[in-house]
Amino acid sequence: MHTQWRRAMAAAALAAFGTLAALPVHAADAPNSIRIGYAISLSGVNAQGAATTTLPGYDLWVHDVNAQGGIFVKEFNKKIPVEVVAKYDDTSSAETMLRLEEKLMTEDKVDFVLPPWSTGFNLAAAPIFAKYGYPDLAVTANANDEEQLVKQFPTLFFFLNQPIHFGQALIEVLNKYKNSGQLNNKIAMVSVGDQFGAEMSAGFGAGLKASGYDIVLQKSYPLGAADLTNEIKEAKASGADTFIAASYPPDTFMLTGTAITQGYNPKIFYTAVGTAFAEYGANFKKKAQGVMGIGGWNPALPGAMDYYKRQLAVTGHAPDGWASPVTYASLQILQQAIEKAGTLDRKKVLDTIVNGGPWQTISGPIDLKTHIVEHQWGAGQWQNGQFVGVSPTDMPGVKPFIFPKPSW
Amino acid sequence: MAASAEDRRRRRTRTAAAIGALVALVAVLATVPLLTSDYQLSFMVNVMSYLVLTIAWALFSGTTRLVSLATSAFFGIGMYTVAMSIKILPLYASFALAIVVGAAVALVVGVLTLRLSGMFFVIFSFGLSEMIRELMVWWEINQTHTMGRYVYVPFDTTMIYEHLLGLAVVVFLVGWLLRRSRLGIALLVIGEDETVARQVGINVPFTKVAIFIVSAMFMTLTGALMAPRFSFINPNFAFNPLVSFVVVIMALLGGLQKLWAPVLGVIPLIILSERLQTQFPFWYSVLLGLVFMVIVYFLPRGVTGLLEDIWKALGRPLALPRGFTGPLLDAWAWLSRPIFLPRGLAGIIEERWLKIMPRANEKR
């Protein structure tokens with residue numbers, strides 16, 4: 001029985017080989033699908049961020065590509081649909097994430113792996129992507145040593161600003177009002193106890209001091225803090241016109257809520273990650289008006305508003321005004337690069353991603369020659385129910401800033 | 001004792017056989033990296049690291065019966081010490097430094113807290129990990145202004161695996177020797193009854209601290225060995241409180257009576273977690289929680305207890321199946337019982353009377 005089967009296989013292999021030799025043009029059969037896999041935090045501390053920023057974008061992209069019949073791959077001369085063959089929960093544990101990435105690349109042997117969520121996880125995963133030659137479109141990551149990192153890991157790409165740029169974007173706005181005497185030079189700054197909070201507050205602090213600001217309050221609070229009333233009270237008592245929080249989504253919501261109940265109305269109220277979430281606007285409604293936050297988005301770009309409506313309709317989640325559109329844009333780049341390369345060969349696709357730009361996306365044209373997207377939104381503001389980009393002011397589609405923030 | 005020579009010989013043969021089997025097993029395990037894919041190897045790394053952690057945990061908690069949730073604290077200390085020292089020290093020196101730091105923390109913590117008992121110690125040990133993590137976070141934010149350290153060393157997964165395998169052998173041997181040492185016996189007495197232990201002259205605090213340090217050193221070294229697996233480490237990666245809980249559950253599942261019992265807890269739980277993470281990604285937490293509840297309710301002595309029960313049941317003389325006649329016989333037997341006569345009020349009066357006026361031939 002086994003011998004027979006083996007013989008049949010051998011015969012089939014011979015026949016296949018013969019056919020291959022005879023018809024070199026149709027070298028390989030087209031695969032049924034382009035196999036996609038990812039490991040992301042579906043449970044644990046990172047789950048909220050992943051579910052808000054990243055996952056709906058993945059789902060929408062798969063939906064959109066397949067609605068068009070797939071990606072045209074010249075090598076096979078046909079459109080091939082994408083299929084998520086593996087979707088794993090890294091349980092917000094870095095060690096689990098690494099192991100599951102290895103599973104995707106060496107066991108499941110998927111064609112492309114979509115990145116995990118958060119700076120830490122992406123930096124930890126970068127060596128594995130590089131080792132197995134998978135393009136690593138690490139959207140939800142930023143670091144001050146990006147240039148050195150992309151040299152070390154040649155498959156890695158960064159899409160968001162480096163921490164230092166966020167500080168510059170914020171200070172650009174502050175300076176305008178400080179120089180015209182409408183804003184005092186006192187700053188109250190709090191930060192979450194995490195690499196994000198550390199790097200942001202360090203970056204902000206250095207820039208602010210260099211521009212002649214006086215940081216009258218600087219505090220960090222633990223990740224997952226359940227109450228931030230003291231932080232808000234101290235900020236209120238500090239006499240600063242500007243409140244800056246290097247915060248994560250749960251604390252962003254908590255700080256805003258507490259500031260409202262405490263009647264704390266600084267002229268500039270800035271919170272970081274989570275401010276750009278659609279939920280922020282839905283939650284605080286008219287009170288969100290004038291709140292500043294990290295990120296930014298230009299809804300006037302071609303395809304942008306259409307993308308917003310489509311994601312809401314298909315996944316039930318409105319995208320945020322920062323990394324969500326960029327996540328979708330990164331997948332548009334992958335799609336276009338596969339099409340342009342005409343193959344599923346990862347090395348060729350990678351080369352095309354680097355050299356085939358600039359790519360037309362819903363976040364505008366993006367060029368990845370340096371593996372780093374250089375010019376991006378640094379700061380945004382809630383204006384009439386939308387989180388829009390306000391700085392750097394030389395970005396296309398920049399909106400005029402609302403000053404001071406209206407009272408809650 | 002006449003049988004002692006015979007006994008000794010038998011014990012010697014058993015020991016030799018056990019050592020032989022262990023050596024063969026380790027030899028087989030050592031070849032794993034040659035045979036498997038990278039993913040399977042990292043799976044084995046996970047198994048080995050939890051094996052060491054669980055046996056090390058059982059060394060302390062299985063004997064003193066104090067539930068420690070400090071595993072993630074020591075694991076994290078190991079990992080973060082390597083992350084902080086790797087730029088200035090050679091790799092093995094930073095491993096050694098990690099052990100020293102881990103032992104020092106265990107000494108201080110042990111001396112301060114091992115007088116606490118029960119619940120208080122559990123809470124403190126849990127707080128320890130969180131406290132150190134927040135301390136590191138504060139340090140990095142305020143002193144280095146960056147969080148997350150890069151660890152690039154030529155110490156690949158194969159090396160990590162082989163080192164962890166070696167460590168597993170060592171922790172196993174330490175546990176084995178401990179059970180045969182005065183310290184081990186002292187610990188067992190403490191676990192049974194601390195007051196008795198003190199009465200028979202055991203230095204209870206010293207003994208507890210000593211085993212706490214030994215256990216912590218293994219946990220610390222495991223964390224240190226796992227550090228090169230990450231090219232990027234921050235305190236939140238290193239001090240993951242889940243590690244403490246998973247280790248306790250693994251030890252409970254395996255059982256604590258036997259030294260090798262944790263193996264039976266580690267392997268099924270890791271396979272289960274991996275299955276849940278990959279096959280039912282959205283249900284991972286829910287299903288894992290259910291499994292924990294099942295373990296606690298239905299397997300109080302762990303898988304080892306279950307195996308022992310099955311073994312005993314197999315050794316028992318076979319009970320003949322009773323079939324349909326069984327219930328009939330039972331019913332017949334029940335019906336033919338002598339009837340208990342109700343004693344009524346007379347009985348109560350009789351009782352009272354007997355209390356007041358005992359019979360002459362009855363002793364009070």
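Me: What share of the contacts in chain A with a separation of 6 or more comes from residues 24 or more positions apart?
Reply: The share is 66%. Two residues count as in contact if their C-beta atoms, placed from the backbone, lie within 7 Å. This is a predicted model, in which local features need pLDDT of at least 70, side-chain atom pairs count only at pLDDT 80 or more, and totals for chains, interfaces and linings use all residues. Residues are numbered from 1 along each chain as its sequence is written, while chains are lettered from A and ligands numbered from 1 in the order in which they are written.

Me: What mean pLDDT does chain B have?
Reply: pLDDT is the predictor's confidence in each residue, from 0 to 100. Chain B has a mean of 84, and 93% of its residues reach 70 or more.

Me: Why does the radius of gyration of chain A agree with a compact globule?
Reply: The radius is taken over C-alpha atoms, and the globule rule is 2.2 Å times the number of residues to the power 0.38. For 408 residues the rule gives a value near 22 Å; chain A has 24 Å, and therefore the two agree.

Me: Why does the span of helix α9 of chain A agree with its number of residues?
Reply: Helices (H or I, at least four residues) and strands (E, at least two) are DSSP runs, numbered from the N terminus. The expected span of a helix is 1.5 Å times one less than its number of residues. The 13 residues of α9(A), 249–261, should span 18 Å, and the end C-alpha atoms are 19 Å apart, which agrees.

Me: Which residues of α9(A) are called buried?
Reply: A residue is buried if 20 or more other C-beta atoms lie within 10 Å of its own, exposed if 12 or fewer, and partly exposed in between, with C-beta atoms placed from the backbone. Those buried in α9(A) include A:Asp251, A:Met254 and A:Leu255. Their cover includes α2 (47–67) and β8 (186–193) of chain A. In chain A as a whole, 52% of the 408 residues count as buried.

Me: What makes a set of residues a nonpolar core, and how many residues has the largest?
Reply: Such a core consists of buried Ala, Val, Leu, Ile, Met, Phe, Trp, Tyr and Cys residues joined through C-beta atoms within 7 Å. The largest has 206 residues, and B:Leu164 is one of those with the most contacts inside it. Helix α3 (residues 38–64) of chain B supplies the largest share, 16 residues. Beyond its neighbours within four places in sequence, B:Leu164 is in contact with residues including B:Val45, B:Met48 and B:Val52.
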